[in-house]
Amino acid sequence: DTVKALQVNASIWAPSWTKGHQDEEVNAIHAKNKKAIVWTVDVPDKIKECMYEAKFDGLCTNRPTMAAYYYYAKQ
């Protein structure tokens, strides 16, 4: 949770993608100049959603080619 991440002064907060976008939590992490990286996003539609709609700084996936496709298609 974000409180624990901030208590230990973690540079990155890494929640599971199953908890959704968590915009409020991501905003709180960003307000402390920390990064939010979601894991492990392997469902194609969820990869796209995390990249296009969520405020995460990055994502971990077992499908890097698909993530790269969505990343470059976005530009």
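The tour goes from the sheet to the core, then on to some rings and loops.

Before you click, know that this is a predicted model: local features need pLDDT of at least 70, side-chain atom pairs count only at pLDDT 80 or more, and totals for chains, interfaces and linings use all residues. Residues are numbered from 1 along each chain as its sequence is written, and side-chain values use heavy atoms, with hydrogens and water left out.

**Stop 1: the sheet**

Helices (H or I, at least four residues) and strands (E, at least two) are DSSP runs, numbered from the N terminus. In which order do the three strands of the open sheet come? The order is β1-β2-β3, with parallel pairing. Strands count as paired if DSSP finds at least two bridges between them. β1 and β3 stand at the edges with a single partner strand each, so one side of each has no neighbour in the sheet.

Select β1 (12-13) and β2 (35-38). Two bridges join this parallel pair. Look for Ile12 opposite Lys35, then for Trp13, whose bridge partner in β2 is Ala36.

Next, show α2 (23-31). α2 lies across β1 and β2, running at about 140° to β2. That angle is taken between N-to-C directions, on a scale from 0 to 180 degrees, using axes fitted to C-alpha atoms, for helices over the stretch in contact.

**Stop 2**

Show the side chains of β2. Which residues are on the covered face, and which on the uncovered one? Ala36 and Val38 are on the covered face, while Lys35 and Ile37 are on the uncovered one.

**Stop 2: the core**

A nonpolar core here is a set of buried Ala, Val, Leu, Ile, Met, Phe, Trp, Tyr and Cys residues joined through side-chain atoms within 4.5 Å. Buried means under 20% relative accessible area, exposed means over 50%, and partly exposed is in between (1.4 Å probe, protein chains only).

Select Trp13, Val26, Ala36, Val38, Val41, Ile47 and Phe56: of the 14 residues in the largest nonpolar core, these touch the most other members. Two or more core residues come from each of α2, β2, α3 (44-52) and α4 (64-74). The largest share, three residues, comes from α3. In soluble globular proteins, nonpolar side chains tend to be buried together.

Zoom in on Val41. Leaving out residues up to four places away in sequence, Val41 touches Trp17, Lys46, Ile47, Cys50, Leu59, Cys60 and Thr61. A contact is a pair of heavy atoms within 4.5 Å.

**Stop 3: a trio of tyrosines**

Select Tyr52, Tyr69 and Tyr70, which ring pairs link into a cluster. Rings of Phe, Tyr and Trp (its six-membered ring) pair if their centres lie within 6.5 Å; planes under 30 degrees apart count as stacked, over 60 as edge-to-face and the rest as tilted. By that rule there are three aromatic pairs. One of them is Tyr52 with Tyr70, edge-to-face at 6.3 Å centre to centre and 85° between the planes. This pair links distant parts of the chain, with Tyr52 in helix α3 and Tyr70 in helix α4, 18 residues apart. The rings of Tyr69 and Tyr70 have centres 5.3 Å apart and planes at 65°, so that pair is edge-to-face too.

Buried, partly exposed or exposed: what is Tyr70? Tyr70 is buried at 14% relative accessibility, Tyr52 is partly exposed at 36%, and Tyr69 is exposed at 54%.

**Stop 4: two asparagines**

Most residues other than glycine have a negative phi. Click on Asn9, in the loop between α1 (2-7) and β1: its phi is positive, about 60°. Asn9 is exposed, at 54% relative accessibility.

Finish at Asn33, in the loop between α2 and β2. Asn33 also has a positive phi of about 60°, and it is exposed, with a relative accessible area of 74%.
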